[in-house]
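Q: Could you take a close look at a single part of this model for me? I would like to see how it sits among its surroundings.

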Amino acid sequence: MLSLILKDIYLLRKTMAFSVFYMFVMLFVFSRLDNPAAVFTSCMVAIIYLMIVTGCALDEKNKSDVIFNSLPLSRSVIVGEKYLMVIVYVLFGAAVYGIVTRVIGLLGLIPNLSFLTLEGLLAAFIVVSFLASIYLPVYFKFGYIRSKIYYFILFFGMFFGISLLISVISSDSQNAGSLLSFLAVQNGAVIGIILTGAALAMLAASFGISLKIYKNREF
Amino acid sequence: MDNMLQVQNLTKTFKGFKLDNISFSLEKGYIMGFIGPNGAGKSTTIKLIMNLLKKDAGDVLVFGLDHIKHEKEIKNRIGFVYDENYYYEELTPKQMAGIIAPLYKNWDDNAFNSYVKRFELPLNKKIKELSKGMRMKFSLAIALSHNADLLIMDEPTSGLDPIIRNEFLDILTGVCRDEEKSVFFSTHITSDLDKVADYITFICDGKIVFSSAKDDILESYCLVKGANGLVGEEEKKSFIGIRENRFGFEGLAKDRNRIRRMFGDNVVIDRPTLEDIMLFYTRRNQNA
């Protein structure tokens, strides 16, 4: 597993370096947003999206499945590494965000800068987990090229889906009311634990689906 | 006898092609050449052995173990070289070896370094900047650096120049000198096998034509040459394949004595090369 993580880090060194510059640009672009938490989440999603997709593209370009499935590696390790990398990318993205905002803050370039918070980190992790949980099974099934279209659909679907979810919750006032009253009596830590648990459960379920798909793949 | 590789009734069907119930085995300490024309099923067989493709039926035993149930254990003892480079082109041989080394139980850094030195591999150059010969040597260095008992190679010499091909074949002969390792080596360049193979398995159109010791094969077949008009429809039945032109005919047959009785001293009977055997069988299948 560590070897595969090392492989992705070697391959994505340039992308990682580029993401620091990219983070600067995004902070300036997103600094006009009213919601500071959304700035962090948007930057994280963009950076992590870039790394997941670049990693998958390089794997496909080099037909690496042939080599990895010829080595003494189980398919569960090959699939599991992609999921583990999501957490590595979140930690990396948070570190980059922390450093970049600190530098911008010291220079005083952006007023009302949103600094890294635990809540923000959890929110980013949940959004990224949702995206990765849907994208990775599609990638393992169809490969990078054919899964690109699904990723576009997923992005638009996510924005559309969120608005739809809000309208459904608003119209179903009885259930929404009980959900909101449940959340209202919980403190932030409990809500954070529930949502993080849900994100981890989603990743675990997605891993199971990806593994089932990958075990039947031919190379 | 210790069978390093045993393939029994292996079957795989694709649209337009079937690997049809093939069987053969390779003993410890020998090099087996796996020959056949393009599209005969060589790469499919190798991919099935490596579990890169799912078999429809049959068994593959490597070191006497089922290749799927004991996949990890088996792959720790297999070195592989494929027909093209599958290593990350963006990385250097040093980085790639650093990724692969911890995956093998018996990785030997000293062996790898000695092959790097012997092959004059530039460790810090990106793999995409290496020549095809160098990439192949890198694949071979990886395959030989974890004390593998069986080397599986899919057309490793295709696209290499004659000098590098010869060097490659010398290395293979050296590897098997201690009679502990075995090599399963697919190629359509049969002259490579004239030099190094102990056994030959010939596949054509998804079926095994023969799998025997190379010397037995070359002894059992004969190449017959003679003038036009000697071979009628009845005589043609004694040949595996026959080629005629305005200067005469040339045919491959199996029963040397029968041919001698049939034609007396009117024909010349030669020992065929593996290429002759492959060509006549392939042509017969195409005309069937």
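A: Helix 1 of chain B, residues 42-49, is mostly covered, with 7 of its 8 residues buried. Here a helix is a DSSP run of H or I of at least four residues, numbered from the N terminus, and a residue is buried if 20 or more other C-beta atoms, placed from the backbone, lie within 10 Å of its own. The buried ones are B:Lys42, B:Thr44, B:Thr45, B:Ile46, B:Lys47, B:Leu48 and B:Ile49. Just after this helix, B:Asn51 takes a positive phi of about 60 degrees.

A word on the model itself: it is predicted, local features need pLDDT of at least 70, side-chain atom pairs count only at pLDDT 80 or more, and totals for chains, interfaces and linings use all residues. Residues are numbered from 1 along each chain as its sequence is written, while chains are lettered from A and ligands numbered from 1 in the order in which they are written.

Now for another helix of chain B. Helix 3 (residues 93-100) is mostly covered too, with 6 of its 8 residues buried; they are B:Pro93, B:Gln95, B:Met96, B:Ala97, B:Ile99 and B:Ile100. Their cover includes helix 1 (2-11) of chain A, along with helix 4 (109-119) and helix 5 (132-143) of chain B.

That brings us to the contact between the chains, where two residues count as touching if their C-beta atoms, placed from the backbone, lie within 7 Å. Chain B gives 21 residues and chain A gives 20 residues. On the side of chain B that touches chain A, helix 2 (71-76) and helix 3 of chain B each supply at least two residues.

Key: Buried ≥ 20, exposed ≤ 12 C-beta atoms within 10 Å, placed from the backbone.
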